[in-house]
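Here is a colleague's note for someone who is meeting this structure for the first time. Please read the points below with the sequence and the model side by side.

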Amino acid sequence: MTTFRKFTAGAAVLTLAAALSACSSSSSGGGDDTSGSSSSASGGGTLSVWCWDPNFNIYAMQAAEKIYQQDHPDFSLDITEVSWDDLQTNLTTLAQSNQLDQLPDIFLMQNNAYQKNVVNYPDLFSDYTDSGVDFSQFPDSVVAYSTVDGVNYGLPFDNGTAIQAVRTDILADAGYTVDDFTDITWDQFITLGEDVLAKTGQPMLTGQAGSTDLIMMMLQSAGASLFDDAGNPTITDNDALNAAIDVYTRLVKSGVLVEVNSWDEYINTIVNSNTAGVINGVWISASIQSAPDQSGLWAVTNLPKLDGVAGATNYSANGGSSWAISSNADYALAADFLNSTFAGSTELYDTILPASGALANWIPAGQSAVYAEPQEFYGGQAIYALVVDFATKVPSNNTGVYYYEARDAVGVAITAILNGTDPSAALEEAQQTVEFAMGG
Amino acid sequence: MPAEVGATPSTSPGKTSRRRSRPPSTSTGLERRRSLTGWTFLIPASLVILLMSFWPMIQAAILSLQTGRGRDLSFADPLWLNYQRMLDDEILKQTLTTTFIYLIIQVPIMLGMALILANLLNDPNLRFKGLWRTAIFLPSAVGLVSYALVFRTMFATDGLVNDIGMALGFLDSPVNWLGQTWSARMVIILGLLWRWTGYNMIFYLAGLQTIERSTLEAAKIDGAGPAKTFWYVTIPQLKPMILLTAIMSTNGTLQLFDESYNLTNGGPGNTSMTISHYLYNVSFRNSPNFGYAAAISYVILILVAILAAAQIKIGDTRD
């Protein structure tokens, strides 16, 4: 009996020891993941990267790695796929717990989240001041997302320029061409849309209920946002927002825009030919082209503009993302790598555009012959050169640190307005929601 | 009464029990070694719980008194500022209401169904018992996110439910299930019922095994029908198990996250969002406010504690 008891007691102690050593070994193991900071600055070495989407961002990074390896044979990338939601959670957790040595050298960040992250956690980032990147070669509106107090924190990559894509076959049934939808206003768009709906039974647009993507695009097309320059919310007394909500309500009420509940349903309306058009960031092109039977039936043009709003244009943006260099990076190597690829290599953009549809924000890339090639899917239109041109015309606006709070609050207001609530009351409530969030 | 160990027979019961809890000095060595063994077994788990659960809880309590931007936090003035703020938080009130709606509707239905199912499946004459039990328990083995996404697809405007409803003539036109407040909440409740009823049923089945079959037979002989036997004989004996499942379900529902996040994404207009989903938004989606988020999580803790205490008070009639 005694030996048995000794044995069990010993076993229990062993378990304890094993548990404790497991704790310590796992934490030290985690520290080894960041190899970037220990590499030499001579162009060799490894950079760790966090980004999402294997067919798009990761593919682009791999292409950039190959190009940089031509001059730096010892160079390599260690790319980890992390979805944006997880990436944001990781960043917040690491910053909040001060574990910055766990950061990769380079990570991708949604343009809309830049202000929030830089202002709350400036020590996540290295700025681009000493990187040698020439930001004048990127559209001002795109650079503005990742600029805080005049300092650049992001190298724009994924292009979020907004396009209006239309089904030429459906429009032809109603007696229209893509030219009828080019350089128009939203009033004209609704009139045309009602006619298309009456003649073909198809809506001009679909959208996710409660999503504010279209509203935000309308706002940016007039250089407006939900915040003023001082960062105060301007949901009430915002001419552009009032006009945008008025347009959106009319679109839904007239049936020219059909609301669905989820992103999958939204994509299905496009793929299943349940809409005559799409307005979104140019990245939606990948989803449009996922229906090969619709090849040749699409055309791309600019957006309608808001009527009676100062500064309104036919150009806007939705989403997009930029490369950030972390505070834990081998800065010299990371900056040189990004500067000689994403901010300096037409070869890179010429490679990734045909293969993944990744469109450059870097203006010199747009002059390449690859961009001017006609696209069969879009009836021979050279849409990429067109979109790069659109990008230069998009007005800048202030995303704001409380962008997500404001966007969600406006989403709730729109749901209420469509259910019959008075718009000014709903927007007043949205304003209060954002002011409350900012008060903490 | 236990046998007295070498004491006067007139010892009072109180004294006896004290004597019993303190062993005679002759066996101290053995007893000490025994309790030492017990502690050695307990210490690893206790330490891990202390380190991984209780220490973060204390830290969260401190955090809930702090405010600031990013990591630059300082103690709030007044200290309870984050708790005071909640009184003005319309979204918190909304999510709290929604969570309680889920709790009040879903938990009683689920536990009732689980009880009935367990009772049916406990019938000794039932055939393919294992098959039925497995089939009803199986949903609990499905990942929360996966089933939420399947439900979202099923209740889409062009989803399975609308297709079947229209084919059978129940519906004239597709219903926008997830686009209206109450139908969206009902879909979440339906999902919860599907996912968790079988799980609770297993607890009841286990509880039913401990019920002496002779008590049921006695009730039958006394002329009680199945319903009366169930109500007056089975349920009272299952009471500890019912209490356990009620507390676990209450706790689980108050911390509901996956369904709100994945199935409806809180929509339409935040009306199906749960407190935990809001808590996540405050921490990670919005401009991070960890002090306030910690305060909200403490309110959830207090609510769970109060409800569990109330349930124990009502449900536990052991002396």
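1. The model is a predicted one, and this note begins with the second largest pocket, which is lined by 30 residues, with B:P56, B:A60, B:L63, B:A294 and B:S297 lying nearest its centre. The volume of the second largest pocket is about 970 Å³.

2. Which elements build the lining of that second largest pocket? At least two residues each are supplied by α3 (84–96) of chain A and, from chain B, by α2 (28–63), α12 (275–285) and α13 (290–315). By class, the residues of this lining divide into 17 nonpolar and 13 polar, with no charged residue among them.

3. The size of an interface is often stated as the accessible area that is lost when the parts come together. In this model chain B and chain A bury about 3,400 Å² between them, and 54% of that area is on carbon and sulfur atoms. Of the area that chain B buries against chain A, 20% is supplied by B:R71, B:F284 and B:R285, more than by any other three residues.

4. Side chains of opposite charge can pair when their charged atoms come close. Across the interface of chain B and chain A, the rule finds 3 salt bridges. In a salt bridge, the side chains of A:D123 and B:R71 meet at 2.7 Å, taken from N to O, and B:R71 is also one of the three residues named above for their share of the buried area.

5. Between chain B and chain A, 13 residue pairs are in polar contact, with both residues at pLDDT 80 or more.

6. How many cavities of 30 Å³ or more does the structure hold? There are 4 of them, and the largest cavity has a volume of about 170 Å³. The largest cavity is lined by 14 residues, of which A:T206, A:G207, A:Q208, A:D213 and A:L214 are the closest to its centre. In chain A, β9 (205–208), α8 (213–221), α10 (263–271) and β11 (277–281) each supply at least two residues of this lining, and β9(A) gives the most, with 4 residues. The residues of the lining divide into 8 nonpolar, 5 polar and 1 charged.

7. The second largest cavity has a volume of about 110 Å³, and the residues that line it include A:N112, A:Y145, A:M216, A:M217, A:Q220 and A:Y403. The element that gives the most to the lining of the second largest cavity is α8(A), with 3 residues. By class, this lining has 5 nonpolar and 6 polar residues and no charged ones.

8. Over all chains, the count by this rule comes to 10 salt bridges. In chain A, the side chains of A:D187 and A:R250 meet in a salt bridge at 2.5 Å, N to O. Because A:D187 lies in helix α7 (residues 186–200) of chain A and A:R250 in helix α9 (residues 239–254) of chain A, the pair ties together parts that are 63 residues apart in sequence.

9. Two details of the backbone deserve a look. Most residues other than glycine have a negative phi, and most peptide bonds are trans. The peptide bond from B:D77 to B:P78 is cis, with omega near -5°, and B:P78 is found in the loop between β2 (72–75) and α3 (81–86) of chain B. In chain A, A:D183 has a positive phi of about 55° although it is not a glycine, and A:D183 lies in the loop between α6 (168–173) and α7 of chain A.

How values were computed: Residues are numbered from 1 along each chain as its sequence is written. Chains are lettered from A and ligands numbered from 1 in the order in which they are written. This is a predicted model: local features need pLDDT of at least 70, side-chain atom pairs count only at pLDDT 80 or more; totals for chains, interfaces and linings use all residues. Side-chain values use heavy atoms; hydrogens and water are left out. On a 1 Å grid over the protein atoms alone, a cavity is a set of points where a 1.4 Å probe fits but cannot get out, and a pocket is an open set with protein on both sides within 12 Å along at least five of seven lines; lining residues have an atom within 4 Å of a point. Grid points are joined across faces, edges and corners, and a volume is the space filled by probe spheres set on the points. Ala, Val, Leu, Ile, Met, Phe, Trp, Tyr, Cys and Pro count as nonpolar, Asp, Glu, Lys and Arg as charged, and the others, Gly among them, as polar. Buried area is the accessible area (1.4 Å probe) that two parts lose on being put together, summed over both. A salt bridge is a side-chain nitrogen of Lys or Arg within 4 Å of a carboxyl oxygen of Asp or Glu. A polar contact is a pair of N or O atoms within 3.5 Å; within protein, one must be able to donate a hydrogen and the other to accept it, and residues adjacent in sequence count only if both atoms are side-chain atoms.
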